[in-house]
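Take your time with each exercise, then compare your steps with the worked solution.

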Amino acid sequence: MHDKNLTELAAGLRAGDFSSEELTRACLERIAAHDGELNSFITVDEERALEQAQAADRRLAAGEAGPLTGIPVAQKDIFCTDGVLTTCASRMLENFVAPYSATVVEKFDAAGAVMIGKTNMDEFAMGSSNETSYYGPVRNPWNPDTVPGGSSGGSAAAVAARLVPAATGTDTGGSIRQPAALCGVTGLKPTYGRVSRWGMIAFASSLDQGGPIARSAEDAALLLGVMAGFDERDSTAIDRPVPDYTATLDDDIRGLKIGLPKEYFGEGLEAGVARAVEAALDEYRRLGAEVVEISLPHTHLAVPAYYVVAPAECSSNLSRFDGVRFGHRCENPEDLEDLYKRSRGEGFGDEVKRRIMIGTYALSAGYYDAYYLKAQKVRRLIRDDFARAFEQVDVIMGPTTPSPAFRLGEKTDDPITMYLSDIYTIAVNLAGLPGLSLPAGFVDGLPVGLQIIGNDFEEARLLNVAHQYQQVTDHHKCIPSGFE
Amino acid sequence: MSLDKHEVERIAHLARLEIDPAAVPEYARNLSNILDLVDQLDAADTEGVEPMAHPLEARQRLREDVVTETDQRERFQAIAPQVEDGLYLVPRVIE
């Protein structure tokens, strides 16, 4: 059962070939068998999952099922889940049982999906390797000595290892696309405002966006259809109808104009990754697309701008963790300041502290104009680059990451090297655009991701373009050895 | 931009973070490196560029001034470290 895609699983459930309870038990068994090695889950809630599965079976029997009814889905542990531990992979929230569910979780519940558990991630989504998790690193199913990427590393690894058919992620600087690339799965970061952020623990509010991690574009289309939509409770959600993302998957892409930013193919890009991306572009040429070189001249400023905007917003957002209302509290505080400092000092890991401190510094008296304001201006330059590009081309393509999965521990001592693994994904967040990563081959047995960037709200086009590639290639169908 | 030990301690205080004194030099080194990376922004010509607050230029929505929340105090306080009679407890602030 673990090798079926969502469409096949939904058809099997409807035809009565298997029940949601059987499917859910099969997932739970795979998690029990394999997750000791991968560590992709922080919480597996068997009881809740089986209750939801039985409820789904009743809906299926009554003929009231939607496309995801009865399908097991894993939630990144950044989404609040009513009555279920929600840790954000931090000691700070080690004891936090959320008193409400995120909009995304409510939407999956309403669709009748089964929440199988909560996936591991970098602490508060700050990281690119899943090594900042308080619950230990996740291992990449393609090679357990390498990282799965981050921050949604648990979700990507669990989907790649076929422990669950689908999972959610969040992407602030590449946290869906980069682990999707490193684990050989399909991940989509929607347009800023497309998916509600309500109940998704905030890191950098002007960049954060939730999205699906799945085995194929077709599966991602089904998931996004459930996740997307306006929400009164998210002040930056955009009120705009949600199209049927599956309806346009089969559209012909002859005549599609693909832009290749020359800045994404320069120094730092590993040769094997470049070759895989070139081969994918040849495939698109055979499908009738036209490939042209473009320029995004402010690309080199994206990582510097990001490391002002994201830490500044993080320092503000994470001020809520004060040891008073919820979360970790130190023992025997002497006074209020001691309570704040020790609760936060003990509750947060090093990377989170570094980002809070960079943000605090950038926003402190006298520095606001030089850092935050400057970065917001550079953000506009970056967005304008994309706007000019989309006057000439329909989509932009390039590598998702400069290299395939790196080794555990390889970059943990040097934050800057780690930050540069998001060099091709970060600009998309700064510009608010949708971006998708899909498997485009392998280098030395490790997956390579092709990134497709679209204009605002062009998720349907990204999914269509990705799906057409997946009709003529089988990289997305490859399963890591030991997980067949 | 290079931060010294005292600046790191000042920032940690502003952020209400306790940092192990032995770890301060490493924080100073890492934070200085990050600020060096960020300083590349100085080279960008942003004369006359409007800062971007929202990618789609969306403005904050207003809603009707009506009550939309229900009272969930007990539910929210059930997960608090220390409460009494519906109040959150912290160490005494006024002697």
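Keep in mind that this model is predicted.

**Exercise 1.** Find the largest pocket and describe its lining.

*Solution.* Start with the space itself: the largest pocket holds about 970 Å³. Finally, sort the lining by class: 15 residues are nonpolar, six are polar and 10 are charged.

**Exercise 2.** How many cavities of 30 Å³ or more does the whole structure have, and which residues line the largest cavity?

*Solution.* First, the search: it turns up four such cavities. Then take the largest cavity, with a volume of about 60 Å³. Its lining includes Gly173(A), Gly174(A), Phe203(A), Tyr306(A), Arg355(A) and Asp422(A). Sorted by class, this lining has six polar, four nonpolar and two charged residues.

**Exercise 3.** Explore the largest nonpolar core, then look at the contacts of Ile452(A).

*Solution.* Begin with a general idea: in soluble globular proteins, nonpolar side chains tend to be buried together. Here, the largest nonpolar core has 139 residues, and Ile452(A) is among those touching the most other members, along with Phe124(A) and Leu463(A). Helix H9 (residues 302–317) of chain A gives this core its largest share, 10 residues. Now zoom in: leaving out residues up to four places away in sequence, the contacts of Ile452(A) include Tyr284(A), Met397(A), Pro434(A) and Leu462(A). Last, look for a second, separate core: it has 33 residues, among them Phe41(A), Ala160(A), Val164(A) and Met418(A).

Note on methods:
Residues numbered from 1 in each chain as written. Chains lettered and ligands numbered in written order. Predicted model: local features only at pLDDT ≥ 70, side-chain atom pairs only at ≥ 80, totals over all residues. Heavy atoms only, no water. 1 Å grid on protein atoms, 1.4 Å probe; cavity = no way out; pocket = protein on both sides within 12 Å on 5 of 7 lines; lining within 4 Å. Points joined across faces, edges and corners; volume = space filled by probe spheres on them. Nonpolar A, V, L, I, M, F, W, Y, C, P; charged D, E, K, R; others polar. Core = buried A, V, L, I, M, F, W, Y, C linked by side-chain atoms within 4.5 Å. Buried < 20%, exposed > 50% of the residue type's maximum accessible area, 1.4 Å probe, protein only. Helix = DSSP H or I, 4+ residues; strand = E, 2+ residues; numbered from the N terminus. Contact = heavy atoms within 4.5 Å.
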